[in-house]
Amino acid sequence: MLHTKTAWLRAAAPIAVLSLALTACGGGKDASDAKDDGKKSAKAGADSPAKSEQETQDPAPSGELKPGAGGTRKFKEDSGKTTITYEIAAQKIHVGTEAEAKKLVSDPKRVKGLVAATAYVKYTNKGGGVVKGLPDVDNNAEIYADGRRGGLLIGAAENLPGCEDPIDIDSWKTGQSHVICQTYMIPTDAKAVEVHWANDDDKDLLVWKFPHAG
């Protein structure tokens with residue numbers, strides 16, 4: 001399910017200035033590197049600012065899932081050096097307006113023609129141990145618009161309603177779930193928005209597609 005709300009981004013206040021890890025939407029290695037570096041710096045405090053029951057669905061060979069459906073993947077958490085089996089489910093995407101996007105960055109010219117899209121992703125620890133410190137599994141979620149990766153907006157998602165700040169997640173035990181969000185800048189005229197999750201080696205890709213009228 002994709003939602004468009006004008007009031008949604010205002011809930012991110014009091015964010016004064018956010019760092020925009022944006023080279024070119026859909027950029028190659030540079031965009032990916034900016035995402036990795038930016039997310040970790042945001043979690044360190046550099047720029048801080050559903051469905052009730054989701055049906056678990058084994059992913060098709062392509063890794064494509066319906067919005068809200070969960071796919072199971074193994075992921076090695078750096079904090080505990082433990083391989084955790086996660087059920088991952090992209091539940092919904094909120095899309096803001098271009099005017100709101102300009103208020104989220106120090107240089108509004110950088111987001112001309114772009115809007116902020118936030119993906120709500122539910123992660124459930126299905127086994128393998130306890131995630132003792134800051135989880136990393138959410139770093140691997142990305143938003144694509146019309147087949148091109150967007151630009152990560154650092155620090156925007158943690159304060160939004162329904163989104164949990166990974167910094168506050170500790171001793172994540174088997175059976176527990178957390179909704180962690182990612183915000184990306186995408187073109188205002190995007191027709192289709194996707195949430196991608198893949199392991200660090202780009203394997204085990206999961207894809208959720210959400211319609212967007214632009």
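**Close-up 1. Exposure of D200 in the predicted model.** D200 has a relative accessible area of 61%. Because exposed residues are those over 50%, D200 counts as exposed. D200 sits in a loop, with β11 (192-197) on one side and β12 (206-211) on the other.

**Close-up 2. A patch of negative charge on the surface.** The patch gathers D78, D200, D201, D202 and D204. One of its members, D200, belongs to the loop that runs between β11 and β12.

**Close-up 3. The aromatic pair of F75 and W197.** Searching the whole structure gives 3 aromatic pairs. In the pair of F75 and W197, the ring centres are 6.0 Å apart and the planes stand at 70°, so the arrangement is edge-to-face. The angle settles this because planes over 60 degrees apart count as edge-to-face. F75 comes from strand β4 (residues 71-77) and W197 from strand β11, so the pair ties together parts of the chain that are 122 residues apart in sequence. Are these two residues buried or exposed? Both F75 and W197 are buried.

**Close-up 4. An aromatic cluster.** Three residues make up one aromatic cluster: Y86, Y123 and W172.

**Close-up 5. The salt bridge between K209 and E64.** A search of the whole structure finds 2 salt bridges. In the one formed by K209 and E64, the closest N and O atoms are 3.6 Å apart. This pair links distant parts of the chain, with K209 in strand β12 and E64 in strand β3 (residues 64-65), 145 residues apart. K209 is partly exposed, at a relative accessible area of 41%. E64 is also partly exposed, with a value of 38%.

**Close-up 6. The salt bridge between R149 and E142.** How far apart are the closest N and O atoms of R149 and E142? The distance is 3.6 Å. Why does R149 count as buried? Its relative accessibility is 10%, and buried means under 20%. E142, at 13% relative accessibility, counts as buried too.

Note on methods. Residues are numbered from 1 along each chain as its sequence is written. This is a predicted model: local features need pLDDT of at least 70, side-chain atom pairs count only at pLDDT 80 or more; totals for chains, interfaces and linings use all residues. Side-chain values use heavy atoms; hydrogens and water are left out. Patches are made of residues with over 30% relative accessible area and no salt bridge: like charges are joined within 9 Å, nonpolar side chains (Val, Leu, Ile, Met, Phe, Trp, Tyr) within 5 Å. Accessible areas come from the Shrake-Rupley method with a 1.4 Å probe; for residues, only the protein chains shown count as cover. A salt bridge is a side-chain nitrogen of Lys or Arg within 4 Å of a carboxyl oxygen of Asp or Glu. Lys and Arg count as positive and Asp and Glu as negative; His and the chain ends are not counted. The place of a charge is taken as NZ of Lys, CZ of Arg, CG of Asp or CD of Glu. Helices (H or I, at least four residues) and strands (E, at least two) are DSSP runs, numbered from the N terminus. Buried means under 20% relative accessible area, exposed over 50%, partly exposed in between (1.4 Å probe, protein chains only). Rings of Phe, Tyr and Trp (its six-membered ring) pair if their centres lie within 6.5 Å; planes under 30 degrees apart count as stacked, over 60 as edge-to-face and the rest as tilted.
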